[in-house]
Structures are given as C-alpha cells and as structure tokens.
Amino acid sequence: EETQDPVFLASTMGSLQRTTQEMLHDAIVGQYVYHFTIDELPVWALLGEYDGKADKAYLYTHLDFSLAYNGFRIIEANLTTMQPEDVDNLDSFRISYAVRWHETDTVFERRGERYNDEAFFEHKIHWFSIFNSMMMVLFLAGLVAMVMLRTLRRDIARYQRDGASNGLLDTELGSSEDGHFDKIGDDSGWKQVSRDVFRTPPNMTILGAL
C-alpha cells in the first residue's frame, strides 16, 4: 500500500551570488543531470528546464521519490522533479524532497531487468550532430585528396619532363644495363623513405629465422 504522507526534508540557502546564478543557468541550458544510487539502483534527473523562447532557466526545487519494496529489499526506485523556480530571479531557494513507498510482487533477483529494457531509456538521435560530423569528415577527406593530387600531379609532370630530356619517352623510369632503375631527378621529402623501406636488410636469413 502506498504511503500518503511522504517524508519531507528542506534546506534553505542564503543569497545567491550572480556568478552562482550564471553557473546554474548554464548548467540547466546544457541539460546537466544529477545521479543518485539507492540500494545500488541508479536514479537520475535533469537539474532543471530551459525555455528557449524567453531565455529562462528554471531550477527544480522539489524531488519526489517513489520506492517499491518487497519484504526488506528495495525493488524499484523512481524520481520525479517538481516546482521549477526561475534561476535569474532566485535570491534564495528551498530544496525539498518526498519519499513514497509502495509494495510490489517483483522478486529481488529480477529487479535489474527493467534496466535492460531498451524502452526504459529514451534514445534521442542528434541528427544535426551526425550531419555536422559527416560534413567535417567529407571536408577533411576532400582537403587531403586535393593536396595529394596536387603533389602527385607535380611529381608526374617532373618525371615526364626529366624523362623526355634524357630520351626516356616510352617509360617514366628507364632501366640501366645492370637491371637497376635509373634515377630521374632527386627525390626529396617523404619519398626518400622508400630507399629504407625497400632496402634488403643484412643477414636476411638469420633475421627471418628470428
């Protein structure tokens, strides 16, 4: 049977400084939440609500707890926030809470099943954030591709120009009599790494065995 006379606990705070009001206002706009743990059961709620049209932030000053029990164990814990107060015009406020108990038939071993239900959580898809991330990825990918194309186009043009000046019109890289590629121009920057990457290490058989 649910109790009709909840237990109240109130706390009165002194005058709020302007900086504290601004912090509360920003926290409510940012949808900050606070979290409780009641007998290892998580309970959370928003700090307040924000009216975007009037640019007003309201702080919830009353918390209503609804606890279900079976025997001597708490099976379910719920929280409802009430009594919003305008933060900008709030010099002092009174925080209160109420606790209501009601009995349930759910056994203690099954009290965690409601947290595994997908319908218990409200999943909000932030389409604007997803679109913004996709546009950022496309922009960065296009920027990298443009830089690489300009670099490759410049290198290919240089190889063709050097090859034509050396009589190597059929291939960009000619081969010498001993089977090695002739060097056209002087590689610079990151292209010099290829000499070490494709260099055969000494004692390759011993290295492979290791």
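How many salt bridges does a search of the whole structure find? The search turns up 4, a salt bridge being a side-chain nitrogen of Lys or Arg within 4 Å of a carboxyl oxygen of Asp or Glu. This is a predicted model, in which local features need pLDDT of at least 70 and side-chain atom pairs count only at pLDDT 80 or more, while totals for chains, interfaces and linings use all residues. Residues are numbered from 1 along each chain as its sequence is written, and side-chain values use heavy atoms, with hydrogens and water left out.

As for the overall layout, the protein has 4 helices and 7 strands; these are DSSP runs numbered from the N terminus, helices being H or I with at least four residues and strands E with at least two. Read from the N terminus, the order is β-α-β-β-β-β-β-β-α-α-α. Of the 210 residues, 23% count as buried, where buried means under 20% relative accessible area, exposed over 50%, and partly exposed in between (1.4 Å probe, protein chains only).

Strands S2 (residues 33-38) and S3 (residues 41-46) run antiparallel and are joined by 6 bridges; two strands pair if DSSP finds at least two bridges between them. Valine 33 has leucine 46 in S3 as its bridge partner. The hairpin leaves 2 residues between the strands, and there aspartate 39 takes a positive phi near 50°.

Aspartate 39 also forms a salt bridge with arginine 111, with the closest N and O atoms 3.3 Å apart. This pair links distant parts of the chain, 72 residues apart: aspartate 39 sits in the loop between S2 and S3, arginine 111 in the loop between strand S7 (94-103) and H2. Aspartate 39 counts as partly exposed because its relative accessibility is 31%, whereas arginine 111, at 8%, is buried.

Another salt bridge joins arginine 100 to aspartate 64, the closest N and O atoms being 3.1 Å apart. Here, too, distant parts of the chain are linked, with arginine 100 in strand S7 and aspartate 64 in strand S5 (residues 56-70), 36 residues apart. Arginine 100 is partly exposed at 24%, while aspartate 64 is buried at 10%.

On the surface, Met136, Phe139, Leu140, Leu143, Met146 and Val147 form a nonpolar patch with about 570 Å² of accessible area together. Patches take residues with over 30% relative accessible area and no salt bridge, joining like charges within 9 Å and nonpolar side chains (Val, Leu, Ile, Met, Phe, Trp, Tyr) within 5 Å; areas come from the Shrake-Rupley method with a 1.4 Å probe, and for residues only the protein chains shown count as cover. Phenylalanine 139 lies in helix H2 (residues 127-165) and, at 53% relative accessibility, counts as exposed.
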